[in-house]
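Let us walk through this protein together, with the sequence and the fold side by side. Please keep the viewer open as you read.

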Amino acid sequence: MVALTGLERVSGAPRRPPRAWRGLVFLLAGAYFLIPLGTSLWYTIHTPATGVSFAAYGELLTADGFVRSLSLSLGLAAATIVLVLLLALPAMLAVRLFAPRLGAVMEVLCTLPLVVPPITFVAGIGTSLRTGTEVLAPTPFWGTLIAVQDPAFPVVLVLAYVVLVLPFVYRSLDAGLRTMDVRTLVEAARNLGASWPYVLVRVIVPNLRSALASASFLTLALVLGEYTVASLLGYEPFAVWIVTVSGSKGQLSVAVSILSLLLIWLLLLAVSTVFSREKRK
């Protein structure tokens, strides 16, 4: 044992932490996440008057606005994912292949929303919508401006969410692109006669599945939990509905929050399982 320890010191090999420390860290991390969830779950199923009851979860499907707000948020999330990937991925590929010197400029532009406060961002959107409605009233574009503000599916929220989630999508795609030789793959596919859409869909995208999945779920989490922009613009997606319900039905709002967390975790677990199986194959 002494000789082995001296050999590790000479060779510079790092020591492995004791298993007890790793177990303690895992226990503390688990307690950090599970204790608040357990407390919230107990709050939703226990009342001093009736004791343990799952009535709050039974009210979810019949609660006024639950299905509508959840469907709206999921639709906004799907549209945001599609739009931000269609904008970010081709632009990042074009910069890497044809203008590498613009990489730093693109990084600054994509991460700029992180330094803009959401309240300032939504104030600018509101001012632009009001001014645009007045300016475009005599033109045919007035109808388009009104259509993007339709409460049934506010496209203006999709555009706002694209800007908010762009830094996270950029980081995810950039990490995926750094793990592959994009130029070699593209040149090989082009030399074999593949078109640019074919190269993007059949060559680049399959090699970026993990990065695309990460970007998609970051977008999904942001859209489902975003409150400031939607509330100040007067819309009621899932997060705004939860806050509205919490004023009168506290147990119901916490139950919805727990179920939304479990839903996102199950989706992440399913995707990670699928990707791990594909890697093994």
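This is a predicted model: local features need pLDDT of at least 70, side-chain atom pairs count only at pLDDT 80 or more; totals for chains, interfaces and linings use all residues.

Residues are numbered from 1 along each chain as its sequence is written, and side-chain values use heavy atoms, with hydrogens and water left out.

We can start with confidence. pLDDT is the predictor's confidence in each residue, from 0 to 100. Its mean over the protein is 81, and 87% of the residues reach 70 or more. Among the elements, helix α8 has the highest mean, 92, while helix α1 (residues 2–11) has the lowest, 47. Over residues 1–5 the value stays under 50, and the model has one contact beyond four places in sequence for that stretch. Contact here means heavy atoms within 4.5 Å.

Next comes the overall architecture. The protein contains 14 helices and two strands; helices (H or I, at least four residues) and strands (E, at least two) are DSSP runs, numbered from the N terminus. Of its 281 residues, 32% count as buried, where buried means under 20% relative accessible area, exposed over 50% and partly exposed in between (1.4 Å probe, protein chains only). Among contacts between residues at least 6 apart in sequence, 74% join residues at least 24 apart.

In the model, residues 74–99 are 96% helix and 0% strand, with end C-alpha atoms 36 Å apart. For residues 151–170 the figures are 80% helix and 0% strand, with 29 Å between the end C-alpha atoms.

Now turn to the interior. A nonpolar core is a set of buried Ala, Val, Leu, Ile, Met, Phe, Trp, Tyr and Cys residues joined through side-chain atoms within 4.5 Å. The largest one has 53 residues, and L173 and I204 have the most contacts inside it. Elements giving two or more residues to this core are α4, α5 (103–111), α6 (118–135), α8 (155–178), α9 (182–191), α10 (196–207), α11 and α12 (228–232). Apart from it lies another core, of 14 residues, including I45, L60, F238 and L252.

What does L173 contact, leaving aside its neighbours within four places in sequence? The partners are L85, A88, L89, M92, A211 and L212. One of them, A88, sits in helix α4 and is buried, with a relative accessible area of 6%. Beyond four places in sequence, A88 touches M106, L166, V169 and L173. The C-alpha atoms of A88 and Y170 are separated by 7.0 Å, although the two are 82 residues apart along the chain.

Beyond four places in sequence, L218 touches V165, F168 and S172.

For another buried position, look at T44 in helix α2 (residues 19–45), with 1% relative accessibility. Not counting residues up to four places away in sequence, T44 touches S53, A56, Y57, Q251, V254, A255 and I258.

Finally, the rings. A search of the whole structure finds five aromatic pairs; rings of Phe, Tyr and Trp (its six-membered ring) pair if their centres lie within 6.5 Å, and planes under 30 degrees apart count as stacked, over 60 as edge-to-face and the rest as tilted. F66 and W241 form a tilted pair, 5.7 Å centre to centre with 55° between the planes. F66 lies in helix α4 (residues 66–98) and W241 in helix α13 (residues 238–246), so the pair ties together parts that are 175 residues apart in sequence. Both F66 and W241 are buried, and ring pairs link F66, F238 and W241 into a cluster.
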